[in-house]
Amino acid sequence: MLSTDASPNTLFDLLNAFGHQKVVFCNDPDTGLKAIIAIHNTTLGPALGGTRMWAYKTEHDALKDVLRLSKAMTYKAAMSGLNLGGGNAVIIGDPRKDKSEALMRRFGRFIKNLNGEFITAEDMGTNPKDMEYIRMETEHVTGVPETMGGSGDPTPIAAKGVFMGIKASVKELYGNDSLAGRSVLVQGIGHVGENLVKLLREENTKVYVSDINEERVVQVAKKYGAEAVANHTIFDLNAEIYAPCALGGTINTSTIAKLKCAIIAGSANNQLEDETIHGKMLLDKGILYAPDYVINAGGLINCYSELMGFSKKRTLQLTENIYDATRNVLKLSKAESISTIEAANKIAEKRIADIRKIKSSY
Ligand SMILES: NC(=O)c1ccc[n+]([C@@H]2O[C@H](COP(=O)([O-])OP(=O)(O)OC[C@H]3O[C@@H](n4cnc5c(N)ncnc54)[C@H](O)[C@@H]3O)[C@@H](O)[C@H]2O)c1
């Protein structure tokens, strides 16, 4: 899905390689705003995705990132049964130095001009306060604080989805989905990671935790009765399940050679450095990979619920469906001897194609 290795010559070649509908470049010298909004596919509904603020080395890096992220959102929404399309935005700049109320509100006005075709939410480098500023200019934003009618912190829901994905993977491999006595390495114990550790420990799972923030490792290990592991030794560990919950790209040719786990299931986006190559390598090595976008959809589900008039019960139900979605992917992968990521892409693409057909009939 995300492999776009052909070397496109022009901007439109690049958009065709990813399959995008529309890309909007937002430029405002007064506030210093330089942003890109990418709308990948709106067959299922309005494109929803985060706004990331990052000091990209080049504008091309920013463009590639937003194209990749928005395409992944199309697949995530389709897989989760949501009536949403895929989109994403990036603001080029250092979130610690370059952010201001005016910049965020100017960005909000660009979103407003899209008339609901794109709805945004928080991502790396943005926070609920930024969403509040965007909200002052447009209603097309989710993840605003509870005091502004939002649904609040989505990370417990994101962690719950990952937890359901882990259970479904364990069921596939061991015949029952109990996590008691199983061992899980959680790499990255930030917002989602910590909530996942909590859920796992509540089910008496043996949990190992690692993070580049050593203070946090000690703190979280103590709080939940987990075992701290030094970051550079994680691939020596004999944990049955590896849950990447930090950055993407941790599964590549070099780490696959070292991995001793039976299952990979975590929250990080874009875990496979190259979907085609590394998806196949995991299949060949007999490691069950629960595709990231299938099991980390809880955050998106939370945003969707907010748009529909938030109900905690409904949000939880939709999140628990991740168990069945994961099982369906794993079954298809087994039946067709294809990688789990290929199986997931097939299911998502079929839903989009089916709905496109029904929408063309009136
Ligand atoms: N927040 C959500 O609702 C949500 C939803 C879906 C997916 N995700 C994805 O899950 C991942 C974690 O999200 P989050 O909101 O918990 O982020 P976060 O920033 O709160 O936590 C990330 C943690 O990873 C640690 N980290 C960074 N680099 C590391 C490395 N090389 N090795 C070990 N640890 C490292 C950081 O110190 C931090 O503690 C991200 O990839 C994110 O895109 C998040």
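Me: Two residues are in contact if their C-beta atoms, placed from the backbone, lie within 7 Å. Which elements do the buried residues of α11 pack against?

Reply: The structure is a predicted model, in which local features need pLDDT of at least 70 and side-chain atom pairs count only at pLDDT 80 or more, while totals for chains, interfaces and linings use all residues. Residues are numbered from 1 along each chain as its sequence is written. Elements are DSSP runs numbered from the N terminus: helices (H or I, at least four residues) and strands (E, at least two). The buried residues of α11 pack against β3, α2, β5 (118–122), α5 and α12 (312–320).

Me: How many residues of α11 are buried?

Reply: A residue is buried if 20 or more other C-beta atoms lie within 10 Å of its own, exposed if 12 or fewer, and partly exposed in between. Helix α11, residues 298–307, is mostly covered, with nine of its ten residues buried. Among them are Gly 298, Leu 300, Cys 303 and Glu 306. After α11 comes Gly 309, which has a positive phi near 95°.

Me: Where does UniProt place the feature "binding site"?

Reply: UniProt positions follow the numbering used here, feature names are shortened, and annotations may be inferred rather than shown by experiment. The unreviewed UniProt entry puts this feature at Gly 188, Ile 189, Gly 190, His 191, Val 192 and Gly 193. Ile 189 sits in the loop between β6 (183–187) and α6 (191–202), whereas Gly 193 belongs to helix α6.

Me: Why does Ile 189 count as buried, and what does Gly 193 touch?

Reply: Ile 189 counts as buried because it has 26 C-beta neighbours inside 10 Å. Beyond its neighbours within four places in sequence, Ile 189 has contacts that include Val 197, Val 209, Asp 211 and Arg 216. Gly 193 is likewise buried, since 27 other C-beta atoms lie within 10 Å. Residues up to four places away aside, Gly 193 touches Val 186, Gly 188 and Cys 245.

Me: Which residues are closest to the ligand?

Reply: A residue is near a molecule if its C-beta atom, placed from the backbone, lies within 6 Å of it. Of the 25 residues that surround the ligand, the closest are Ala 158, Gly 188, Gly 190, Ala 246 and Gly 299. Classes are nonpolar (Ala, Val, Leu, Ile, Met, Phe, Trp, Tyr, Cys and Pro), charged (Asp, Glu, Lys and Arg) and polar (the others, Gly among them). The shell holds nine nonpolar, 14 polar and two charged residues.

Me: Is Thr 58 buried or exposed?

Reply: Thr 58 is exposed, because 9 other C-beta atoms lie within 10 Å. Thr 58 is found in the loop between β3 (47–54) and α2 (59–79). Thr 58 and Ile 92 are 34 residues apart in sequence, and their C-alpha atoms are 9.1 Å apart.

Me: In what sense do β1 and β2 pair?

Reply: Strands pair if DSSP finds at least two bridges between them. Strand β1 (residues 22–28) and strand β2 (residues 33–41) are antiparallel over seven bridges. Phe 25 stands opposite Ile 36 in β2. Four residues lie between the strands of this hairpin, where Gly 32 has a positive phi near 80°.

Me: How far apart do the centres of domain 1 and domain 2 lie?

Reply: Domain bounds come from an automatic or database domain assignment, here domain 1 (11–71 + 85–147) and domain 2 (155–350). Their C-alpha centres lie 27 Å apart. Four residues from domain 1 and four residues from domain 2 make the contact.
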